[in-house]
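User: Please go through the aromatic rings of this protein with me, one question at a time.

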Amino acid sequence: MNPVAVLTDSCASIPEEMLKSLRIQTVAYYIHRGGEVLRDLVTIQREEFLRWLMTARFLPTTASPGPGDYFEAYQSLADQGAKEIVSIHMTSLGSGAYQAASVAKTMLAEKIPDVRVEVVDTRNVSLCQGWMVIEAARSALAGARLDEIVTRVKNMIPLTHMIQTADTLRYLYLGGRIGKAQQMIGSLLNIKPLIGMADGVIVPLGRAHSRGQAYQMMADMVSEAVGKGKTRIAYVHAGARHEVEKIRDLVEGQVEVVESFFAELSPALAVHTGPGTAGLCFYPVE
């Protein structure tokens, strides 16, 4: 166990091989499907869930882990030898994870006062949150201390961006996660909306008449943000790997990408985005 342990939750959607190689610990979100209570990426996996979601007659609900879930994870890390823990979570404006983890931090301080926990609200989601976790884990493996890691993560918050599109905003709307993109509802017949996040809430970025046009707009947005610099990108999807491959080809024809990978959203996020979602999460690097 590194002196600094890195913990996040399943909605970061980090590929399993990266979780293992970077020693990242995760806590699973909850999915309530009728009378079933599922744990994200534990008792329900991506492919099975998307097959069901495409024919579902009702939309499941999701819930963040509770303080007890995070306390149990912190205590486990402490038992393994961790003296410092950085706990990194999706926007507090879209989930209760940050608040629950903060309560768990207080609980742990009362029981194991010599273990320090820092909880970070990324103001983002998906692989934007995931990139912050990945870089935190890399810093921990390189021997950085907790304060250094927290500073690095917080410095990434304003630099890390999500752009995604889908055939419909229905899932975000029904799940109550539509944010400032509410204005796009009702005017999207045969339109592909582009959405992102700003200040912790979903915002509209534009609209296209086809997926191809939407993907070109994504590439242009990345190019504008990165300029002549370099970037790291995660190509993110929900059952649409072939679509994000198209996005990759367009993006990497315009900007210098120093690291990239494909990632599929966890079921707890796919509930809100819907099947077929495709996009990217990126940040410029010096």
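Aromatic rings and their surroundings

User: Is Trp52 buried, partly exposed or exposed?
Analyst: Buried means under 20% relative accessible area, exposed over 50%, and partly exposed in between (1.4 Å probe, protein chains only). This is a predicted model, in which local features need pLDDT of at least 70, side-chain atom pairs count only at pLDDT 80 or more, and totals for chains, interfaces and linings use all residues. Residues are numbered from 1 along each chain as its sequence is written, and side-chain values use heavy atoms, with hydrogens and water left out. Since Trp52 has 22% relative accessibility, the residue counts as partly exposed.

User: How are the planes of Tyr235 and Phe262 arranged: stacked, edge-to-face or tilted?
Analyst: Rings of Phe, Tyr and Trp (its six-membered ring) pair if their centres lie within 6.5 Å; planes under 30 degrees apart count as stacked, over 60 as edge-to-face and the rest as tilted. The ring centres of Tyr235 and Phe262 are 5.8 Å apart and their planes stand at 40 degrees, so this pair is tilted.

User: How many residues apart are Tyr235 and Phe262?
Analyst: Strands are DSSP runs (E, at least two residues), numbered from the N terminus. Tyr235 belongs to strand β11 (residues 230–237) and Phe262 to strand β12 (residues 256–264), so that the pair links distant parts of the chain. Their separation is 27 residues.

User: Which residue has its charged end over the ring of Phe262?
Analyst: A charge sits over a ring if NZ of Lys or CZ of Arg is within 6 Å of the ring centre and within 35 degrees of the ring normal. Over the ring of Phe262, 3.8 Å from its centre, sits the charged end of Arg241.

User: Which residues form one aromatic cluster?
Analyst: A search of the whole structure finds 5 aromatic pairs. The aromatic cluster is formed by Phe49, Trp52 and Phe58.

Definitions and conventions: Helices (H or I, at least four residues) and strands (E, at least two) are DSSP runs, numbered from the N terminus.
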